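Here are some quick notes to read with the model open next to you. Take the points in order and find each spot as you go.

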Amino acid sequence: MSEMPTRRAMLGAGIALAGAAGTAGAAGLASRAAASPAHPSPLRAPSPARAADQYVTPDGPEVLDAEAERGAGPVRKVSLTAAASRFDLGGGLSVPTWAYGDHLPGQAIRATAGDTLELALANHLPQATTLHWHGLALRNDMDGAPGLTQQPIAAGADFTYRFAVTHPGTYWIHPHSGVQIDRGLYAPLIVDDPKEPLAYDKEWIVVLDDWLDGVDGSTPDAVLGELSKGRGSGHDAAAHKARRRAAGEDPPSRLLADADSDLLGGHAGDVGYPHYLVNGRRAADPSVFEARPGDRIRLRVINAGGDTAFRLALGGHRMTVTHTDGFPVRHTGTDTLLLAMGERYDVLVTAGDGVFPLTALAEGKKASALAVLKTGSGATPPATVRPKELDGELVTADRLTPDASVALAEREPDRTVRMTLTGSMDAYDWAFDRKPYDPAVRQPVRAGERVRLVFSNRTAMWHPIHLHGHTFALAGSALGARKDTAAVLPGGSLTVDLDADNPGLWMLHCHNVYHAESGMMTVLGYLR
């Protein structure tokens with residue numbers, strides 16, 4: 001694994017099903033970094049990030065000024081170690097993997113909006129890594145994009161991240177190096193609101209994941225190797241699997257030939273995962289959340305998967321959506337949600353009396369994950385349970401209205417940036433405008449501009465697009481929900497508006513880890 005971003009120095013996303021195709025579906029050192037509040041970045045960005053003098057640099061004066069404007073609140077200190085580990089996924093299945101500490105997912109990191117977060121990351125992995133703060137608008141040199149905003153943290157080294165945390169919400173952390181995210185290296189990041197407007201009795205953090213690492217010798221790197229040989233999907237995947245079986249090759253092929261979803265516009269994913277998890281547990285031995293009948297529960301749902309969209313429902317309950325990607329929306333009822341990789345939703349439910357399945361259907365992959373809400377007596381639902389709510393009303397992000405406190409004001413764009421999503425599943429040559437990721441190539445913007453991004457998908461695959469360091473508004477007849485990730489369906493387009501208010505070099509990429517690592521990444525660069 002290269003210490004530079006092979007082609008995927010980035011990650012993060014959500015599935016705002018705006019811009020649907022015609023008839024398709026409903027609607028991140030050699031030594032310890034001693035960070036100081038005044039200048040917490042001990043490393044200069046590598047030369048590719050400084051190649052063009054006309055762009056703001058990740059640790060430049062514009063970035064420092066923006067951080068000073070955010071202020072320095074109480075310091076919340078956290079220590080984290082990335083290391084090899086082993087976990088029981090339930091039902092007696094134990095797998096080797098890499099993780100943050102001895103929990104899967106990693107223990108939630110909490111801060112309060114207005115705090116300064118200081119996290120010391122010790123890299124005990126056999127290769128370099130970084131840490132990305134998915135969804136946060138933070139100082140650029142702390143974003144964790146290797147080869148762009150920081151040098152990779154070498155094996156055996158430490159690095160301290162320190163930055164102001166300004167906006168409450170549900171976020172998460174993960175590496176931005178190669179396909180490390182498709183191991184156990186992820187954890188929730190919750191930024192509490194000091195003036196929390198929601199009233200609820202309990203909080204349930206729900207992390208969804210697709211899992212193959214350590215199962216029968218599988219690794220994400222091996223899967224990427226298979227995909228990169230031009231055997232991404234379709235009939236080639238089926239033939240490739242047959243050849244591997246005949247040759248007795250090990251580990252088994254994880255290529256997926258028959259994943260289809262109308263909601264995703266056709267082909268749902270490239271990778272056939274042997275297991276799907278909720279909070280680190282398989283459906284055969286699910287995690288259990290206990291509450292009392294009548295409790296008002298806030299669910300913070302995060303899709304940490306690598307290649308899987310999840311359709312989520314709580315049996316016997318209707319959900320009220322309150323936030324998407326950390327930002328509040330006008331409260332909206334729904335039976336089910338669809339989450340792409342990197343996306344988050346907050347919902348409220350009023351708990352019934354009994355035992356209820358929280359089912360996460362691996363969209364288009366003929367499998368599901370399960371957790372259980374227990375408020376009374378009753379049997380644990382079977383692993384294959386499919387609550388009727390999964391087929392009920394589905395509210396997608398394009399149907400949500402932003403809360404007035406976060407709505408982006410209507411304004412004509414000062415700049416429009418158009419990008420075409422290109423590539424094929426057979427060649428596995430995913431890119432923007434047929435140009436694989438190059439950190440020296442940027443999409444230029446200038447601070448203070450209202451920027452419109454227009455994505456046109458000319459591929460036969462859906463792509464969840466994630467922007468670092470910003471949120472955008474889904475653009476339609478009126479500006480919609482604030483997001484940091486949205487999906488573009490096959491043959492479809494997506495238009496979003498954002499305020500260029502956080503100077504630096506920011507990754508923009510598909511949050512399918514295998515698409516990103518294959519080349520579907522670019523950089524939004526602020527001009528000096």
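1. Start with Asp221, which sits in helix H2 (residues 220–228). Helices (H or I, at least four residues) and strands (E, at least two) are DSSP runs, numbered from the N terminus. Keep in mind that this is a predicted model, where local features need pLDDT of at least 70, side-chain atom pairs count only at pLDDT 80 or more, and totals for chains, interfaces and linings use all residues. Residues are numbered from 1 along each chain as its sequence is written, and side-chain values use heavy atoms, with hydrogens and water left out.

2. Is Asp221 buried, exposed or partly exposed? Asp221 has a relative accessible area of 30%, so it counts as partly exposed (buried is under 20%, exposed over 50%, partly exposed in between, with a 1.4 Å probe and protein chains only).

3. Now look for Gly178: Asp221 and Gly178 are 43 residues apart in sequence, while their C-alpha atoms are 8.2 Å apart in space.

4. On to the lining of the largest pocket, where H1 gives the largest share, three residues. By class, this lining has nine nonpolar, seven polar and five charged residues (Ala, Val, Leu, Ile, Met, Phe, Trp, Tyr, Cys and Pro count as nonpolar, Asp, Glu, Lys and Arg as charged, and the others, Gly among them, as polar).

5. For the second largest pocket, E17 gives the largest share of the lining, three residues.
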